[in-house]
Amino acid sequence: IQAIEAGADEALMLDVNGFVSTCNATNFFIVKDGEVWTSTGVYCMNGITRQKVIEICAKNNIPCHQKNFSLYDTYSADEAFVTGTFGGLTPVKSIDGKLITNQNDTSIRGNLDRLYEELIVNESLRLSIDQGGSEIWFKSWKSPFQKSPERERDPALLMQPRLGSMW
């Protein structure tokens, strides 16, 4: 209710011990001193996108901690973002009216966003389609936006949600 009254797009939820756990419909992350933090997972939805971000961090040697942290920790974060199926990695601009400003030269969230998009494209390229009785694999494409001679449409584009429609 506080988030709605404040005009926020999303609300941070605290667990029974007062630690940040999740949001209404997304999972929450902060970047602090070059490390990615997210809740322990005990009191959150443990979404697929959340898990993929944790895996991407591990695979790319980006320190990621599933840990207890307070609302006050979020105020001093270098970056903050939420994850969800349709939104991917969405940056958080402010928490409780306090702007989240990255003073670093690089954006870990931006890097994670790029790595997540690559993961989605690579997973979609592994999908097979049946065209005229023969199975075609899309492993050989150089770019997710390069058209295949065998197919008019790019399967990576099919992965993008149609905003505003109900499925």
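# Close-up views of a predicted protein model

**View 1. The largest nonpolar core and residue V36.** Of the 14 residues in the largest nonpolar core, those touching the most other members are V36, V53, I62, F81 and L112. A nonpolar core is a set of buried Ala, Val, Leu, Ile, Met, Phe, Trp, Tyr and Cys residues joined through side-chain atoms within 4.5 Å. At least two residues of this core come from each of β3 (27–32), α2 (48–59) and α4 (108–125). Another core, of twelve residues, lies apart from it and has C23, I30, V82 and V92 among its members. Helices (H or I, at least four residues) and strands (E, at least two) are DSSP runs, numbered from the N terminus. Buried means under 20% relative accessible area, exposed means over 50%, and partly exposed is in between (1.4 Å probe, protein chains only). V36 is in contact with F29, I30, V31, C57, I62, P63, C64, H65, F81, I108 and L112, leaving aside its neighbours within four places in sequence. Contact means heavy atoms within 4.5 Å.

The model is predicted: local features need pLDDT of at least 70, side-chain atom pairs count only at pLDDT 80 or more, and totals for chains, interfaces and linings use all residues. Residues are numbered from 1 along each chain as its sequence is written, and side-chain values use heavy atoms, with hydrogens and water left out.

**View 2. The whole protein.** The secondary structure of the protein comes to five helices and eleven strands. Of its 167 residues, 36% count as buried. Among contacts between residues at least 6 apart in sequence, 50% join residues at least 24 apart.

**View 3. The largest pocket.** The space in the largest pocket is about 830 Å³. On a 1 Å grid over the protein atoms alone, a pocket is an open set of points where a 1.4 Å probe fits, with protein on both sides within 12 Å along at least five of seven lines. Lining residues have an atom within 4 Å of a point. Grid points are joined across faces, edges and corners, and a volume is the space filled by probe spheres set on the points. The lining of the largest pocket has 30 residues, and A3, A8, E10, A11 and L12 lie nearest the centre. The elements that give two or more residues to this lining are α1 (2–6), β1 (12–14), β6 (79–84), β7 (88–91) and β8 (94–95). By class, the lining has 17 nonpolar, ten polar and three charged residues. Here Ala, Val, Leu, Ile, Met, Phe, Trp, Tyr, Cys and Pro count as nonpolar, Asp, Glu, Lys and Arg as charged, and the others, Gly among them, as polar.

**View 4. T74 in helix α3.** T74 belongs to helix α3 (residues 71–75). T74 counts as buried because its relative accessibility is 0%. Its side chain reaches the backbone oxygen of L71 at 2.5 Å. Not counting residues up to four places away in sequence, T74 touches L12, V20, F28, I30, F69, I95 and I100.

**View 5. T22 in strand β2.** Strand β2 (residues 20–23) holds T22. With a relative accessible area of 7%, T22 is buried. A polar contact of 3.5 Å joins its side chain to that of N27. A polar contact is a pair of N or O atoms within 3.5 Å; within protein, one must be able to donate a hydrogen and the other to accept it, and residues adjacent in sequence count only if both atoms are side-chain atoms. Beyond residues up to four places away in sequence, T22 touches A11, L12, M13, N27, Y43, C44 and M45. T22 and T38, 16 residues apart in sequence, are 8.7 Å apart in space, C-alpha to C-alpha.

**View 6. T83 in strand β6.** T83 is found in strand β6. Its relative accessibility is 3%, so T83 counts as buried. Leaving aside neighbours within four places in sequence, T83 is in contact with T26, N27, F29, T49, R50, V53, G88 and L89.

View 7. Most residues other than glycine have a negative phi. Phi of D33 is near 55°, a positive value. D33 lies in the loop between β3 and β4 (35–38), and is exposed, with a relative accessible area of 67%. Phi of D96 is near 50°, also a positive value in a residue other than glycine. The loop between β8 and β9 (98–99) is the place of D96, which counts as exposed at 54% relative accessibility.
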